[in-house]
Amino acid sequence: MTAAVFTDIYRKFTDVYQRSLVEEEDAPQIPEKVIRCVWNDQLLNTDRLQSTAGHGIEVLSPGHWNFGAGPDFKNAVIKIDGQMQEGDVELHVYGCDWKAHGHSDNNDYDNVILHVFLWKHRGAKRAHTTTEKPASQSRPHIVELELKPYLRDGLLKLNAELDFDSYPLLNQFNTGLCYGPLSRLPTARFEELLGNAGDARIQIKMDRFHDRIILNGYEQTFYEGIAEALGYPSNKQPFKDLAQRIPCAELTGLIPGNGSPTEKVLPLQAALFGVSGLLENRFPHPKEMEGESRLYVETLLKLWNQQKSHYGDRVMDHSQWKFGRMRPANFPYRRIAALSHLVLKHSEGGLFENYISFMNTMVSISQAKGYNARTGKKAAQYFLLEEDDFWARYYTPGGKKLQGNQKLIGPDRAREIHINIAVPICLIYARASRSQPLEAFLHRGFSTQSSLADNQWLRFMKHYILGKEQRMLDTLNSDRHTQGLMQVYQDFCTKNKNNCLRCRFPEVVDRYFS
């Protein structure tokens, strides 16, 4: 049997590393990172927050995610019994962790106004109420909040659904302790480390899709994955929810037999916007619009009124969708429209079947003529989408018309869908069908030099982990190496709560890679 091209060397190594760590007794099953993310996004029933002492709490601003020493969130704005206070917020799994972590005598915590924890006590003590003094009693002004009663969703669901790749949005560009050992590595060893970590990242993504494919099949899983990627990062979960509420096969069944693509896509958009909850809650009334906008919304509403009874209780709460802190071009409206066009475009055959057919064609071309960068680029840009659609001309319903049509899926988003969704699912298919040529083609494209991806998180890592050293930055010339850097961050920085002093990665680099 031919050896797999995507190696598991890095995963085996990190598994051994994790097992070698001495875990604390009664270690929490929910990582503190989950609590940070919940607080950052305020995934709480915030209309009725009360402190452990019964004080009313209103969160005006959760604060800024702190990467350095000190409290988890800086400069929060909180109303306590109607009185506005500004200060820091510290988060823990258990209330007693304040004392256990040595915060009582640490001056870095002098400005904390709110101590937030998931449970007040460990183990069996959780069930008991008590009048004991708060763990942060060394600073009597600190108010304590137990999160568990106020979570919007269950802990396991939150832990599974939160996308840790989008956290934290960091703003402190210091250099980490791993920079020194990494900078001393020979270039070949550094490339080997990142390459193996990049392979591991794809395999971890495969793990996320494997069971879903068994349960729902390739087509539905592929469709859900694309929807998630269209919503990344802020609306990933609502998009997944929408794709599950209207399965791909059901959406394809709405396509009329006759008409232009512009006409055929309208029933799909009516269903998607209707079930999303946006059509009846975020779209202006047609009477408030004119021209093309009015006609478009009137058409959607007419079609939705014909479909509405079929969807019953499947309609989502429109408040799940986020619009803040993003460019209008990335609003959910245009991404939902893009999903409708992808389903229409691949209605004959199917999203996944057509993608596999395309990839097998690319494999055949590569075998006959040799692999080249142009072939890889075609694969990476497979999801590029340019359509004559209302949403190619508008960012919002009733908004100002754009000067020219814009792609519903641009090159950067198309590439992200390819790397994060298509490649892992396609690799599952390749291994299930024992197609070594297809796996080799996927790995060749993953490893081939390409334009460097760029986002706030990656810019941070290039500075913090690599010290912006040009020799190491030059290594980030493929998706494999870029994804590898992201995986190193997840496996070490994230699991150590972004605390260099607790991280063994510098030691690992020196001992095993130098």
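Buried means under 20% relative accessible area, exposed means over 50%, and partly exposed covers what lies in between, with a 1.4 Å probe and protein chains only. By that rule, 13 of the 14 residues of helix α12 are buried, so the rest of the structure largely encloses α12.

This is a predicted model: local features need pLDDT of at least 70, side-chain atom pairs count only at pLDDT 80 or more, and totals for chains, interfaces and linings use all residues. Residues are numbered from 1 along each chain as its sequence is written, and side-chain values use heavy atoms, with hydrogens and water left out.

**Helices**

- Helices (H or I, at least four residues) and strands (E, at least two) are DSSP runs, numbered from the N terminus.
- The expected span of a helix is 1.5 Å times one less than its number of residues.
- Helix α12 covers residues 332–345, which makes 14 residues. Its first and last C-alpha atoms are 20 Å apart, close to the 20 Å expected at 1.5 Å a residue.
- Helix α16 covers residues 411–432 and has 22 residues. Its end C-alpha atoms lie 30 Å apart, which agrees with the 32 Å it should span at 1.5 Å a residue.
- α16 has a kink of about 40 degrees at A422, shortly before the proline P424. The bend at a residue is the angle between axes fitted to the seven residues ending there and the seven starting there.
- R434 follows α16 and has a positive phi, near 55 degrees.

**Strands**

- Two strands pair if DSSP finds at least two bridges between them.
- Strand β1 (residues 57–61) runs antiparallel to strand β3 (residues 73–80), and four bridges join them. S61 stands opposite V77 in β3.
- Strand β2 (residues 64–65) also pairs with β3 in the antiparallel sense, over two bridges. Here W65 has F73 of β3 as its bridge partner.
- Six bridges pair β3 with strand β4 (residues 83–94), again in the antiparallel sense. A76 stands opposite G87 in β4.
- The hairpin of β3 and β4 has two residues between the strands. In this hairpin, D81 takes a positive phi near 50 degrees.

**Aromatic rings**

- Rings of Phe, Tyr and Trp (its six-membered ring) pair if their centres lie within 6.5 Å. Planes under 30 degrees apart count as stacked, over 60 as edge-to-face and the rest as tilted.
- The structure holds 30 aromatic pairs.
- One of them is W65 with F73, a tilted pair with 5.7 Å centre to centre and 55 degrees between the planes. W65 is buried at 5% relative accessible area, and F73 is buried at 0%.
- F222 and Y355 form another tilted pair, with 5.5 Å centre to centre and 35 degrees between the planes. This pair links distant parts of the chain: F222 is in helix α6 (residues 187–231) and Y355 is in helix α13 (residues 351–369), 133 residues apart. Both F222 and Y355 are buried.
- One aromatic cluster is formed by F273, F283, Y296, F323, F331, Y333, F390, W391 and Y394.

**Salt bridges**

- A salt bridge is a side-chain nitrogen of Lys or Arg within 4 Å of a carboxyl oxygen of Asp or Glu. The count comes to 24 salt bridges.
- D41 and K322 form one, at 3.6 Å from N to O. D41 lies in helix α2 (residues 32–41) and K322 in the loop between α11 (291–311) and α12, so the pair ties together parts that are 281 residues apart in sequence. D41 is partly exposed at 22% relative accessible area, and K322 is partly exposed at 31%.
- R431 and E439 meet at 3.0 Å, N to O. R431 is partly exposed at 32%, whereas E439 is buried at 5%.
- R504 and E507 meet at 3.8 Å, N to O.
- A network of salt bridges links R208, R212, E224 and E228.

**Cysteines**

- A disulfide is a pair of cysteine sulfur atoms within 2.5 Å. The structure holds zero disulfides.
- C37 counts as buried, at 0% relative accessibility. C426 is buried, with a relative accessible area of 0%.
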